[in-house]
Structure formats: structure tokens, C-alpha cells
Amino acid sequence: MVKYRVEVGPEAYLPPSAACAGVVLPDPGQALIAGEVVHEDVGMEEAARRFLSAKIPTIFPGPLVLWNWNEKSVKKATAIKAMYDELKAHNPEALLIPMPDYRPKYPKINPEVEINPNHPNLTIWHNKIDVCMFVGVHCHQANLSLKIIRGGTNCYTIAMCAQAGHEDAMLTFRDATPDKIWMLVEAIKDVKKTL
């Protein structure tokens, strides 16, 4: 049996859940790339390379960092903004598009300013996003959105999860803290020096 790899789509109208295809989540200190467990440092460097080589790198911050719930969310939001500033300085096409809540946005959304969690592919198609990161999004919503993106777009997905990670992303980190987000900011700075 061929091992399932979580790769850039479009894969199918209804792609399989990576967990059902045998992909397991990483342990603390690890990350996943295409469904393969790697050391977290390897994941940081790969995420930095993907962001810096993208035509339209995009960060989708979710409600867990947008709504000022507690001191930790403020620290995460500060680190995310620093990451965006670093990407924007490298590539003026970089985007920061919020996912403020999970309510369906009907009859239509403005894909230039928000992402509809139930149709994330619309925002990705409209903005021609080729690499994106979800951060501060509740796990159930992130998994749904990541599958839709993998199924219908050619966007490379990165998930920075506060829990155990997201197997449906092409690259995922677990136990996201403000310090871990700052580690990715530093990885971006380091990789930028080599370009």
C-alpha cells in the first residue's frame, strides 16, 4: 500500500481525511511535512522557505488571536503581525486576511478583506494565494477549511495549531505559543539572509 502524502491540490471534490489515510500527528518538538514527521526546526525552515518563495504569501489569523481573549492571544497577535511585516518587507504582495468568526457569509463575501471559513477556496482563488498559514483558528474549523483548500486549490497550507497540529495541512506545527510563532519569525529572517 502506498503511503498517503498530504500535498498541494487540487486533489478531488472530496479529498480523504489525512487521518483516515494513515497520517498521524506529530509529538511535541516535531512537525509534519506532507504527512511525514520531522523535527520542528526542519518544519520551521521549510515554512520560511515556502513563505519567502511564494508569489502571494498569506496569513489567516483566526478568532483565537483576533479577539483579545487573554494576554496570550495578545502576545500571539503581536508575533503574527511581526511575521506579516517580515513577509511584507520581502514581498509587497503578502497578505493578512482575518477569519474573525465562523458564521457563513451569505449571499457573498468580499474575498479581498476576509475569508469565509465554509468556502475558503473563494478567497484563495480570488487573491491567487499560493502559500497560506492558519493560526488562531479552532481545530474543527481549521480541519474543514484545510480539506476544502486541498481539494479545490493549488495552495500550499501551513497550520500553526495550539493543540496537536492539523494532519490535513501540508505543513503543521503543534503547541503554538507566542514563543513558537516568534521562532518562525526568526526562521524567516534567517532564510531570507540566504536568498
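**View A. Strand 3 and strand 5 lie side by side in the predicted model.** Phe60 stands opposite Phe134, a residue of strand 5. The two strands, strand 3 (residues 57–61) and strand 5, run parallel and are joined by five bridges. Strand 5 also pairs with strand 6 in the parallel sense, again over five bridges. On that side, Val135 has Met160 of strand 6 as its bridge partner. In general, the strands of a sheet pair through backbone hydrogen bonds, in either a parallel or an antiparallel way.

**View B. Strand 5 is covered on both faces.** Is strand 5 (residues 131–135) largely enclosed or left open by the rest of the structure? Five of its five residues are buried, so strand 5 is largely enclosed. Val131, Met133 and Val135 are buried on one side. Cys132 and Phe134 are buried on the other.

**View D. Helix 1 crosses helix 6.** Helix 1 spans residues 40–53 and helix 6 spans residues 178–194. Their axes come within 8 Å and cross at roughly 60°. The two helices are therefore oblique to each other. Their crossing is right-handed. From helix 1, the contact takes in Glu40, Asp41, Met44, Glu45, Ala47, Ala48, Arg49, Phe51 and Leu52. From helix 6, the residues are Lys180, Met183, Leu184, Ala187, Ile188, Val191, Lys192 and Thr194. Sorted by class, the contact of helix 1 with helix 6 has 10 nonpolar residues, one polar residue and six charged residues.

**View E. Helix 4 crosses helix 5.** The axes of helix 4 (residues 120–127) and helix 5 (residues 139–152) come within 8 Å and cross at roughly 50°. Helix 4 and helix 5 are therefore oblique to each other. The crossing of these helices is right-handed. Helix 4 brings Pro120, Asn121, Ile124 and Trp125 to the contact, and helix 5 brings Ser145, Ile148, Ile149 and Gly152. How many of the residues in the contact of helix 4 with helix 5 are charged? There are no charged residues; five are nonpolar and three are polar.

**View F. His138 sits in the loop between strand 5 and helix 5.** His138 has a relative accessible area of 29% and is partly exposed. Apart from neighbours within four places in sequence, His138 is in contact with Pro63, Leu64 and Tyr102. His138 and Gly29 are 109 residues apart along the chain, and their C-alpha atoms are separated by 21 Å.

**View G. Asp168 sits in the loop between strand 6 and strand 7.** Is Asp168 buried or exposed? Asp168 counts as buried, because its relative accessibility is 2% and buried means under 20%. Not counting residues up to four places away in sequence, Asp168 touches Val6, Pro16, Ser17, Ala18, Asn143, Leu146, Lys147, Arg150 and Thr157. Val2 is 166 residues from Asp168 in sequence, and the two are 18 Å apart in space, C-alpha to C-alpha.

**View H. A cis peptide bond joins Gly9 and Pro10.** The omega angle of this bond is about 5°. Pro10 is found in the segment before strand 1 (30–33).

**View I. Asn68 and Asp175 have positive phi values.** Asn68 is not a glycine, and its phi is near 55°. Asn68 is found in the loop between helix 2 (63–66) and helix 3 (71–90). Asn68 is exposed, with a relative accessible area of 53%. Asp175, also not a glycine, has a phi of about 55°. Asp175 is placed in the loop between strand 7 and helix 6. At 27% relative accessibility, Asp175 counts as partly exposed.

Definitions and conventions. Residues numbered from 1 in each chain as written. Predicted model: local features only at pLDDT ≥ 70, side-chain atom pairs only at ≥ 80, totals over all residues. Heavy atoms only, no water. Axes fitted to C-alpha atoms, helices over the stretch in contact; angles between N-to-C directions. Helix = DSSP H or I, 4+ residues; strand = E, 2+ residues; numbered from the N terminus. Parallel < 35°, antiparallel > 145°, perpendicular 65-115°, else oblique. Left-handed = near helix turned anticlockwise from the far one by under 90°. Contact = heavy atoms within 4.5 Å. Nonpolar A, V, L, I, M, F, W, Y, C, P; charged D, E, K, R; others polar. Buried < 20%, exposed > 50% of the residue type's maximum accessible area, 1.4 Å probe, protein only. Pairing = 2+ DSSP bridges.
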